[in-house]
Amino acid sequence: MKKEVKDTIIESLGAKLKEYPHFYLVDVTGMNAEATSKLRRKCFKNEIKMVVVKNSLLHKAFEASDVDYSPLYESLKGTTAVMFAQVANKPAKLLKEYDKEDIPALKAAYAEECTYVGADKLDELSALKSKNELIADVVALLQSPAKNVISALQSGANTIHGVLKTLGERPE
């Protein structure tokens with residue numbers, strides 16, 4: 001491969017690292033063309049960009065980046081595919097479907113500005129909540145006390161009204 005081509009690939013990987021806030025390094029050693037194609041289609045449906053890369057070129061893209069990716073360097077062995085995503089837990093949920101087969105296997109991930117190294121981190125990564133999920137949780141928590149107060153007021157009004165009506169209808 002010519003140096004110009006390598007430089008172009010390193011630049012495009014660097015651009016993807018800036019464009020996507022989360023990425024997963026996945027071991028795809030032993031996957032045939034059909035299985036790789038199915039994985040790519042699933043990634044496309046889940047808005048995940050999957051790129052198979054040379055480890056040395058990805059290493060150089062990591063070094064050229066402003067972010068410290070040094071904990072991920074040890075994971076750059078074997079055949080590596082990078083899954084880029086806007087939502088941190090989408091690739092993890094996709095990889096959990098393949099968990100029983102061990103191909104593809106998680107090597108490492110960079111999600112929510114943290115590094116996760118090792119296949120054992122897959123459960124932890126899939127449990128991460130997206131920004132929208134966290135906002136929905138906060139809104140639900142904020143609405144809960146207001147709903148309790150309103151329901152208490154409404155039930156209290158009905159109770160008082162019922163007691164007064166019963167007392168008013170009683171013969172003296």
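**His 22.** I began with burial. His 22 has 6% relative accessibility, so I count it as buried. My cut-offs are under 20% relative accessible area for buried, over 50% for exposed, and partly exposed in between, with a 1.4 Å probe and protein chains only. Areas come from the Shrake-Rupley method with a 1.4 Å probe, and for residues only the protein chains shown count as cover. The model is predicted: local features need pLDDT of at least 70, side-chain atom pairs count only at pLDDT 80 or more, and totals for chains, interfaces and linings use all residues. Residues are numbered from 1 along each chain as its sequence is written, and side-chain values use heavy atoms, with hydrogens and water left out.

His 22 sits in strand β1, residues 22-27. I take helices (H or I, at least four residues) and strands (E, at least two) as DSSP runs, numbered from the N terminus. Which backbone oxygen does the side chain of His 22 reach? It is that of Gln 86, at 3.4 Å. I also listed what His 22 touches, leaving out residues up to four places away in sequence; among them are Met 83, Phe 84, Val 87, Tyr 110 and Glu 112. Contact here means heavy atoms within 4.5 Å.

**Glu 112 and Glu 113.** Glu 112 is found in the loop between β4 and β5 (114-117). Glu 113 is found in that loop between β4 and β5 too. I checked phi for both. Glu 112 has a phi near 50°, positive although the residue is not glycine. Glu 113 has a phi near 60°, also positive in a residue other than glycine. Most residues other than glycine have a negative phi. Glu 112 is partly exposed, at 38% relative accessible area. Glu 113 is exposed, at 69%.

**Cysteines.** How many disulfides does a search of the whole structure find? It finds zero. I required a pair of cysteine sulfur atoms within 2.5 Å. Cys 43 is buried, at 1% relative accessibility. Cys 114 is partly exposed, at 36%.

**Helix α4.** In α4 (residues 90-97), the buried residues are Pro 91, Ala 92, Leu 94 and Leu 95. They lie on the same side of α4, because they cover an arc of only 160° around the axis. I took the arc from the directions from the helix axis to the C-beta atoms. The cover over these buried residues includes β1, α2 (33-45), β2 (48-53), β3 (80-85), β4 (105-111) and α5 (122-126).

**Cores.** A nonpolar core is a set of buried Ala, Val, Leu, Ile, Met, Phe, Trp, Tyr and Cys residues joined through side-chain atoms within 4.5 Å. The largest one has 23 residues, and those touching the most other members are Tyr 24, Leu 39, Cys 43, Met 83, Leu 95, Leu 106 and Leu 125. Two or more residues of this core come from each of β1, α2, β2, β3, α4, β4 and α5. Another core lies apart from it, with 19 residues, among them Leu 13, Tyr 20, Leu 58 and Tyr 110.

**Whole protein.** I counted six helices and five strands. Their pattern along the sequence is α-β-α-β-α-β-α-β-β-α-α. Of the 172 residues, 33% are buried. The protein exposes about 11,200 Å², and carbon and sulfur atoms supply 56% of it.

Notes:
A polar contact is a pair of N or O atoms within 3.5 Å; within protein, one must be able to donate a hydrogen and the other to accept it, and residues adjacent in sequence count only if both atoms are side-chain atoms.
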